[in-house]
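Please look at the model below, and then follow a few questions on how its descriptions are reached.

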Amino acid sequence: MITIMQKLFKRFFTDLFKKRKNLKMGLYGPPNGGKTTLANKICVDWLGEEMGSVSNVAHETREIQIKEQVIIKSNGKELAFNLVDTPGIATKIDYEEFLKVGIKEKEAKARAREATKGVIDSIKWLDDMDVVIIVLDSTKDPYTQVNITIVGNLQARDIPVLLVANKIDLRKSDIKKIQSAFPQYEVVGISAKQGNNMDDFYESLFKLTR
Amino acid sequence: MLTLEFMPYDEIAQLSSNKRISKLLRIVKENKILLLEGRLKKEEEAELIKRTMEEIDEDFKGIELGVIFPGEKESDMLKKLKANMVNLLLGDRRGFTIIGPATVVKEIKQDPNKIQLFTNSKFKS
């Protein structure tokens, strides 16, 4: 009962203040799902500049990055938000994995340390989000405990969620797998890198924040 | 040699979230695979990941985590409500949670009714 009251209280004040301030829209997911690529695509589309660097090596984003005052427009509607790109959430980080891609030992250890801090920050920031976009690599198995834990925590906090099945341009992409793993949420298939299906994605953002 | 340790839910039922996580992590850091009856709360799962990250060093590389929860897709609302009430009072004893050190467990593959655990061939006790 107390939890229900807390949720109602939070929703009342969230709704009240949403009208006055920008939404905080978080990009969450496991490493290498394409969160920063999507953040960059959104920023290039609407601000004309990129947000962060991307790479094929996991844990490229190790700090929370925020782009304020992103305004998107569609069919005469306007949506303003602060975009929060978060480090990928993982349950293990081994500096030796970075050695395999040619990173020197000292740098690999530093990168692993920063990555662990990044995961901690991502989890801490969950409470501050108004809406969350979970970015998943649609060529990978979505039914992992990290994904289930992220979704479960957002559900428990009553935070609206949009699931993005990224990398639909790749042959192994399978959106249906994501839909069947998380049937409670809308899933939008995109390729953030190629810019495929971004109109549907932006339309889903309007629906999510309605 | 692989060591699998079973923990009945009763062993953590009376503990605070903080102590629960400490207890589970202590066992996993002894290079044991832990099979816990039931599951942690969602917030505790996130806290477990957070605490795991805080403890990562050159020897401890993190964990692999999996939860098997066969009753997840319960469609009968009355049964669901009853189960939720029991969980609220006694903790969630349905299903199993597997936690293993990343140096021992390479991957846990799961779907709602099945878990497959792959060990790391490099592991030496």
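**A cavity and a helix beside it**

The largest share of the lining of the largest cavity, four residues, is given by helix 5 of chain A. This is a predicted model, in which local features need pLDDT of at least 70 and side-chain atom pairs count only at pLDDT 80 or more, while totals for chains, interfaces and linings use all residues. Residues are numbered from 1 along each chain as its sequence is written.

Q: What makes this space a cavity, and how many of 30 Å³ or more are there?
A: On a 1 Å grid over the protein atoms alone, a cavity is a set of points where a 1.4 Å probe fits but cannot get out. By this rule the count comes to one cavity of 30 Å³ or more, and the largest cavity has a volume of about 50 Å³.

Q: Which residues line the largest cavity?
A: Lining residues have an atom within 4 Å of a point, and here they are Ile89(A), Ile123(A), Leu126(A), Val146(A), Thr149(A), Ile150(A), Asn153(A), Ala46(B) and Ile49(B). Helix 5 (145-156) of chain A and helix 3 (42-55) of chain B are the elements that give two or more residues to this lining.

Q: Why is helix 3 of chain B called largely enclosed by the rest of the structure?
A: Buried means under 20% relative accessible area (1.4 Å probe, protein chains only); 10 of the 14 residues of helix 3 of chain B are buried, so this helix is largely enclosed by the rest of the structure. Among the buried residues are Ala46(B) and Ile49(B).

How values were computed
Chains lettered and ligands numbered in written order. Heavy atoms only, no water. 1 Å grid on protein atoms, 1.4 Å probe; cavity = no way out; pocket = protein on both sides within 12 Å on 5 of 7 lines; lining within 4 Å. Points joined across faces, edges and corners; volume = space filled by probe spheres on them. Buried < 20%, exposed > 50% of the residue type's maximum accessible area, 1.4 Å probe, protein only.
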